[in-house]
Amino acid sequence: MSTLFISDLHLSVERPDITAAFVEFMTDTASQADALYVLGDLFDAWFGDDFEDECINQVKQAFLTLTQSGVPVYFIHGNRDFLLGKRFAKQSGVTLLPEQCVVELYGKPVVLLHGDTLCTQDHDYQKFRRKSRTWWWQGFMLSLPLRLRKKIADDYRAKSKAATAMKSAEIMDVTSAEVTQVMTDNSVELMIHGHTHRPFVHDVTLANGRTGQRIVLGDWYSQSSYLTFDADSFELHHAPLSPEDKNSA
């Protein structure tokens, strides 16, 4: 038995192939796990818990089936679905976690987060992030009619995509000093996050002179990607989306 981690699926009705791969993962792989952690950007966009479509309903049912079978699911918000709230959690059976938290995995303390806070060189995004995580901004946005919320989100995503295309890889990646600071502040030697879509296991030199590790999860645009973590080891897994699912996109 092991604990599983996923992030950056970016699920939407426009990509039924990814949703199909997710449901298959939940049925065939996650059902055998001790627990499942979702580290943000499960959805490509989240307009509020009052919005529903075929994709969202499939995801809710997959989570509910898993949690009712006895496998707990934990969720950390990403930069695409940070408005996901208690209503979704109740309907799906998932447990919402703080945006950064330390959990003990088989006796090892590990800091978990989506990863966007580590990209400190992306000043424009960090400015927007600080504003969009305030209670007043979120309260105002969620008070708007759903149709208007969707338009605002679509406009922001279009502008964000255009801005991202102009930014260097260094700006879009994590800052080493921030990684070290977060791990030192939390007294851990292991970090797991997503966001950058660059799956890898990095060595990190910590302030105490010891070497830690930073595990980066992969996205699901062209593959299913997940991490297995047990008492003895961990491993990043990648599997191409099936041809049948790709053809249905």
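UniProt, in an unreviewed entry, places the feature "binding site" at Asp41, Asn79, His114 and His195; UniProt positions follow the numbering used here, feature names are shortened, and annotations may be inferred rather than shown by experiment. These residues span 155 residues in sequence, yet no two of their C-alpha atoms are more than 8.2 Å apart, so they gather at one spot. Asp41, Asn79 and His195 are included in the lining of the largest pocket. A pocket here is an open set of points on a 1 Å grid over the protein atoms alone, where a 1.4 Å probe fits and protein lies on both sides within 12 Å along at least five of seven lines, and lining residues have an atom within 4 Å of a point.

A word on the ground rules. This is a predicted model, in which local features need pLDDT of at least 70 and side-chain atom pairs count only at pLDDT 80 or more, while totals for chains, interfaces and linings use all residues. Residues are numbered from 1 along each chain as its sequence is written, and side-chain values use heavy atoms, with hydrogens and water left out.

Back to the site itself. Asn79 sits in the loop between β3 (73–75) and α3 (86–92); helices (H or I, at least four residues) and strands (E, at least two) are DSSP runs, numbered from the N terminus. With a relative accessible area of 18%, Asn79 is buried, where buried means under 20%, exposed over 50% and partly exposed in between (1.4 Å probe, protein chains only). Leaving aside neighbours within four places in sequence, Asn79 is in contact with Asp41, His114, Asp116, Tyr125, Arg133 and His195, contact meaning heavy atoms within 4.5 Å. His195 belongs to another loop, the one between β7 (190–193) and β8 (200–205). His195 counts as buried too, at 17% relative accessibility. Not counting residues up to four places away in sequence, the list of residues that His195 touches includes Asn79 and His114, along with Ser7 and Asp8.

Asp8 is located in the loop between β1 (3–6) and α1 (16–28), and is buried with a relative accessible area of 0%. Beyond four places in sequence, the contacts of Asp8 include Asp41, His114, His195 and His197. His10 is found in the loop between β1 and α1 and is buried at 4%. Among the residues that His10 touches, not counting those up to four places away in sequence, are Asp41, Arg80, His197 and Tyr221.

The loop between β7 and β8 also holds Thr196, which counts as buried at 12% relative accessibility. Setting aside residues up to four places away in sequence, Thr196 touches Cys119, Met172, Asp173, Val174 and Val216.

In α4 (residues 123–132), the buried residues are Tyr125, Gln126, Phe128, Arg129 and Ser132. Seen down the axis of α4, these fall within an arc of 160°, so they line one face of the helix; the arc is that of the directions from the helix axis to the C-beta atoms. On the other side of α4, His123, Asp124, Lys127 and Arg130 are exposed. Helix α8 (residues 176–185) has Val179, Val182 and Met183 buried, and these fall within an arc of 95° seen down its axis, so they line one face of the helix. The face turned away from that buried side carries the exposed residues Ala177 and Asp185. The buried residues of α8 pack against β5 (100–105), β6 (108–113), β7, β8 and β9 (211–216).

Zooming out, the chain has nine helices and eleven strands. Buried residues make up 47% of its 249 residues. Of the contacts with a separation of 6 or more, 67% are between residues 24 or more positions apart.
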